[in-house]
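User: I've got a model open and I'd like to learn how to read its features one by one. Could you walk me through it?

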Amino acid sequence: MRKAFSSPVLWVEVIQGACPSSLRRFCTRYERGELVFLLSFTEGRQAAWRGRYLQLSATRCYSIVPPAQDSAEKDMLDRMLRVDHAGEYGANRIYAGQMAVLGRTETGPIIQKMWDQEKAHLKIFNELMADNRVRPTILMPLWNLAGFALGAGSALLGKEGAMACTVAVEESISEHYNSQIRTLMEEDPDKYKELLQLIKKFRDEEMEHHDTGLEHDAELAPAYSLMKNVIQVGCKAAIYMSERI
C-alpha cells in the first residue's frame, strides 16, 4: 500500500452511497461494482457518514495478496505476480501495435475497448508488484518489442488478422489464469479469496476479448489455424520464461 498511515490500515467497503468527498483522496479502486477505499481507523471501530455506516473489518491488514508464511509460498506468489504482470504488459503492447495500424479504421473502437481493459489490468498488477516487492521479469524489453511487433504485424493482415491474434493470445492467457485458479484453490481458497476473485475477473474479461475476436471474423484470417498455433506456442514460451527469469 503506497500511502502511509499512523494507525492500522484496513480495507473498508462502502455499504451504501458514494465515496464521501472528504474521503475521496483515499479511494483506490472499484471492485465488483462496489467502491473500495483505504481508511485509517483503530481496529473494531465504526465510522458514521450521514447516518450510513462503514463496517470495518479487523481480520486482515493487507489487500489482495496475503503475506507468505514461508519461502516456498513467497516464491509461488512472486512467480504468479511476475508472469501475470508480464502477460498484461505484453497484451498492452499487442493492442498498441494493432491500434497503430487500425486505430483510424472502423475496427479501432473495438480494439480500443479491449485495450482499455488491459490497461486497467496492468495498472493493478503494477500496484501489486510494488506492494509485494516483486521484481518484474528481466525480459520486459523483449516483450515490449515483441508485443508491439505481433500486434502491428497481425493488423497489417487486416481486421481479420488482428482478431485472429486476439483470439490466440486471449485464449492462452485465459488458460494460464485457469491454471493459477486451480493452484490457489488446491492450496487454500479462503486464504486466497481476494486474489482468486481478481484472477477470475481478469480471466472472464480475457475470454470476452477472445469472443469479440471470433465475432469479428478472426477465423477468416489467412491461415487462421497455423497463425493461431504459432502465436500460442510463443505465448506458452513467454509464460514459461517470465515465471522464471
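Analyst: Lys159 sits in helix α4; helices (H or I, at least four residues) and strands (E, at least two) are DSSP runs, numbered from the N terminus. Before going on: this is a predicted model, where local features need pLDDT of at least 70 and side-chain atom pairs count only at pLDDT 80 or more, while totals for chains, interfaces and linings use all residues. Residues are numbered from 1 along each chain as its sequence is written, and side-chain values use heavy atoms, with hydrogens and water left out.

User: Which residues does Lys159 touch, not counting those up to four places away in sequence?

Analyst: Contact means heavy atoms within 4.5 Å. By that rule Lys159 touches Leu102, Thr107, His216 and Asp217. Take Leu102: it is 57 residues from Lys159 in sequence, yet the C-alpha to C-alpha distance is 7.6 Å.

User: And does Lys159 count as buried, partly exposed or exposed?

Analyst: Go by relative accessible area: buried means under 20%, exposed over 50%, partly exposed in between (1.4 Å probe, protein chains only). Lys159 counts as partly exposed because its relative accessibility is 21%. His210, in helix α5 (residues 193–215), counts as buried because its value is 9%. Leaving aside neighbours within four places in sequence, His210 is in contact with Val167, Glu170 and Glu171.

User: What is the overall pattern along the sequence?

Analyst: Count the elements, then read them in order. The protein has six helices and five strands, and they run β-β-β-β-β-α-α-α-α-α-α. Buried residues make up 47% of its 245 residues. Of the contacts with a separation of 6 or more, 75% are between residues 24 or more positions apart.

User: How do I describe two packed helices?

Analyst: You use the angle between their axes and the distance between the axes. Axes here are lines fitted to C-alpha atoms, for helices over the stretch in contact, and angles run from 0 to 180 degrees between N-to-C directions. For helix α1 (residues 71–102) and helix α6 (residues 224–244), the axes come within 8 Å and cross at roughly 135 degrees. That angle makes α1 oblique to α6; angles under 35 degrees count as roughly parallel, over 145 as roughly antiparallel, 65 to 115 as roughly perpendicular and the rest as oblique.

User: What is the handedness of the α1 and α6 crossing, and which residues meet there?

Analyst: A crossing is left-handed if the near helix is turned anticlockwise from the far one by less than a right angle, and right-handed if clockwise. The α1 and α6 crossing is right-handed. Arg79, Arg82, Val83 and Ala86 in α1 meet Ile239, Ser242, Glu243 and Arg244 in α6. The residues of this contact divide into three nonpolar, one polar and four charged. For those classes, Ala, Val, Leu, Ile, Met, Phe, Trp, Tyr, Cys and Pro count as nonpolar, Asp, Glu, Lys and Arg as charged, and the others, Gly among them, as polar.

User: At what angle do α3 and α6 pack?

Analyst: Helix α3 (residues 140–155) and α6 pack at about 165 degrees, with their axes 13 Å apart. They are therefore roughly antiparallel to each other, and the crossing is left-handed. Trp143, Leu150 and Ser154 in α3 meet Met227, Ile231, Ala238, Met241 and Ser242 in α6. This contact has six nonpolar, two polar and no charged residues.

User: Which members of the largest nonpolar core touch the most others?

Analyst: A nonpolar core is a set of buried Ala, Val, Leu, Ile, Met, Phe, Trp, Tyr and Cys residues joined through side-chain atoms within 4.5 Å. The largest one has 43 residues, and those touching the most other members are Val65, Leu81, Leu128, Val169, Leu184, Leu195 and Ile231. The helices α1, α2 (108–131), α4 (159–187), α5 and α6 each supply at least two residues, with the largest share, 11 residues, coming from α4.

User: Where do I find positive phi values in residues other than glycine?

Analyst: Most residues other than glycine have a negative phi. Arg133 has a positive phi, near 55 degrees, and lies in the loop between α2 and α3. Asp217, in the loop between α5 and α6, has a positive phi near 75 degrees.
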